[in-house]
Each structure stands twice: as structure tokens, then as C-alpha cells.
Amino acid sequence: MGIDFRWFKSKVIDSGFPGASLFLLLFLFPILSLSVRHWLSGIFSFIVLLGLIYAWRSMKELYHEEKILFAIFGLYIFSILLSSTINGWTESSYHRLGTEFKYMMFFPVYLYIRQYPAAWRGLLLGLPLGAIVLGIQAIYDVSVLNLPRAWGIYGPIIYGDIAAILAGISLIFVITNHNWFWRGINFVAAVMALIAVLYSGSRNAWIAIVLTLVVVPLMVASRSTIRRVVMGYILFIPIMFIAIMSTPGDVTSRIEVATNEIKSYFNNKYDSDKELNSTSVALRLELWRTATKVFSENPIAGVGPGNMGLAMNELVNRGDARKAVYRDPAGVRGIHVHNAYFEVLGTQGLIGIIVFMAMLIYPLSIFIKNKKYDVRIASMGVVFMSSFMVFSLSEIPFVHDNFSSIFLIYLSVFFAWIMNAKYTKQQI
């Protein structure tokens, strides 16, 4: 993939203001995503505004898969409203509506994006640039600012997670593209994004990048030759090894810390709640265990979004949970169990977790099933969805504004693209 300026004029410029604006916004979206505050949410808001205006013009009938995706998102929003209503609306429940409003906006955003196929290239052109920016800033944070980890503007977790996605997508283009210039840019992007992943110290991002290195060759096998895949990895893996060796010891030591905490937790070595509260991984394990107790008492609709802290405190007061999980104040933003699956299970019950899993698994299955129509886009979709499934193991991306912006925009582009490839047989 490159960009032909005659194609650009005929397909993008001539599509008028809505198409050209969407191309520009998608191009800019990943570039300074974690370097300029409100960059992601600001661009998402512009796309929403344009979507509310242009989504309904010349709207084509939805395909079968799109109708199912819309139904899943609708049920996801409904499960949140249902659980909040059954349990009674709290300050935390109302606060969650601010994030859930984005998921309501998925509908006009997706309908707007699907109308302008040529604009989708804007995102793919911006992704490697965004990866390079992340790498440069990671090096700057650690080497110049002497921060213990690559931080960006929102913290190391989202920094490493998003870098892992961009590294995977760039690697796909390194292996599958026939344009040497474009392959070169993406190779640099993959390396820089990998540095950002390592320097972030985000352990779930490390898991995601390992999963990506396994998934990508399996997905692109039909598009590329075995020789090209092998050559790509021969170049990439030594650089990955060098990057690991150059990563500051304070960052890589997080692996040993996590391993020791897991062993100590399951060997019941944390007798003191104060000692357990000073850990990272071990405390998360205790939060997850407590979340299962919350679920067992509220199995159908949970305790309501945002109310997990209140429910855990009640268990502590009754003597049914360790004091280490007690939070004061509890009914505020940010009190959760650091695992999307346990969080949804406890706050939205069986109804919520079924819909939540469908929201993750259904798009993933569509990308895998339809890879014969456009293996590159399908591969990006698989890397993207599987990465979010990994992130959800130790974080809750879907309650964070910037994570949600990325999830909704990338999913809209990749899903609309694979549907276009399947039903129109047109190359974008």
C-alpha cells in the first residue's frame, strides 16, 4: 500500500467535505495519540459531530454481520442501563454514563465511516507515523527525562498497550506489502513501537506483543510466502533482542516482581493486609477473587456499573473479604478490580458478561472467517481484537475515555473495510 496522488484526488478530494475530512481525521488520529492531551478524544468528537450530520445521507442497507454487531453494541448499552436501574442509580452509575455515551455514538460513527471507503486509507497512513512518535517519546522519557518507564501523557499502561497494537499492524505491512518504501517505513515503525512497548513496562503489553508475533504469520500465510515471513522475523527478532537488552533494568525487573508475587500469593505468604496492599499483581489476584464473591451474590445483573468498590467494602465489613481490598472512598471513578472480565461479571452479572464477550469475540470471528477477502485488514482486525482481549486481563480499557476512542474508531474502520472487501470485491 502506498498513496497515488491521482487516486487521492479522484477518491478523497472529489468525495467532498465529509470524505476528505474523514480521511484527514483518521490520518491524524494515531500520530500524536499519547503525546498531546485530548488528541484522541478531540478527534473522536469531530468524527462524532460529522457522523451525526452525514451518517444518514445516502445510507446503504446494513449487511448481515453489521446488523449483528449493532445488536451486540445495543445489548451492551442495555445491560449497563438495566443493571444500574435494578440496583439503583448511584453517583458512580451516572459517571459511567459519560463513557458509555461513546458507545452510543458508535452507531453514527460507524455509519459515517462505512460511507467513505477511500478515507479508510488515512488511518493506515497515520499508523506507522504514530508508532514512530511513540518510540521517540519512549526513548525521550527514559533517557532524557530519566523517568523509570515510558509514560507519555496518560501513563505507562495505555502507552505500552497502544504501542503493542501499532507494532503488530506495522509488522503485517512489513511482511505483506510489495512496495519497498512502504515496507521500510513500517519496519522502522514496528521497531520503534516495540521499543515503546518494552520501555513502558506494561506487562499486558508484553504479553500482547508475544501473541502478535505468533498470530501474524498464521494470518498472513496466504498473502505472503514462507520465505518473506521468515526473512521478516530474521530481521525483526534480533532487533527485538537488542531492544530487550537495552531496556532499563528497573523496567525488566517487573517480570521477576510479578513472578514472585504470584508465587507468594498462591503459597499464602501475604498474612498482613498491609503487605498485600503494597503489592501489584498479588493485590490484583485478591481483587479478582473478591469479585467472584460479589458475582456469586448478584449473579444475574450484578451490583451495577461503578459499584464494585461499594460491594467489596460491604464484604469486608461482613468479614467475607480481606481488608486489603477495602477502598475509601469506594463509590468514585477508578475503583475497579483491574480485570474487565471480573469487573463486568461482578457489576453486570451473567447478562453483562455474555454481551461483553460477544462484543469481543464476534468481530474477532468475522475477521478470521473473512480473511480470504482481504488478509491484511483481517490480520489487523485479529491483532487489534486479540490485543484488547489481553489488555482486559489486567486493565479495563472500556471504562477509559482514550482507550474507548481507539477501540471504537479502529473497530469501525477495520470492520467496515472487511465488509466492503467481502460484499463489493473492491480493493481500496
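Predicted model: local features only at pLDDT ≥ 70, side-chain atom pairs only at ≥ 80, totals over all residues.

Visitor: How many salt bridges does the structure hold?

Guide: A salt bridge pairs a side-chain nitrogen of Lys or Arg with a carboxyl oxygen of Asp or Glu within 4 Å. The structure holds nine of them. One of these joins Lys422 and Glu65, with an N to O distance of 2.6 Å. That pair links distant parts of the chain, as Lys422 belongs to helix 18 (residues 401–424) and Glu65 to helix 4 (residues 64–87), 357 residues apart.

Visitor: Are Lys422 and Glu65 buried or exposed?

Guide: Burial is judged by relative accessible area, and a value under 20% counts as buried. Both Lys422 and Glu65 are buried.

Visitor: Which parts does the pair of Asp401 and Lys102 tie together?

Guide: The side chains of Asp401 and Lys102 form a salt bridge at 3.0 Å, N to O. Asp401 is in helix 18 and Lys102 is in helix 5 (residues 91–104), so the pair ties together parts 299 residues apart in sequence. Lys102 is buried, at a relative accessible area of 7%, whereas Asp401, at 30%, counts as partly exposed.

Visitor: Which residues do salt bridges with shared partners join into one network?

Guide: Consider Arg318 and Asp320, whose side chains meet in a salt bridge of 2.9 Å, N to O. Arg318 is partly exposed at 41% relative accessibility, and Asp320 is partly exposed at 32%. Through salt bridges that share partners, Arg318 and Asp320 are joined with Glu297 and Glu314 into one network.

How values were computed. Residues numbered from 1 in each chain as written. Heavy atoms only, no water. Helix = DSSP H or I, 4+ residues; strand = E, 2+ residues; numbered from the N terminus. Buried < 20%, exposed > 50% of the residue type's maximum accessible area, 1.4 Å probe, protein only.
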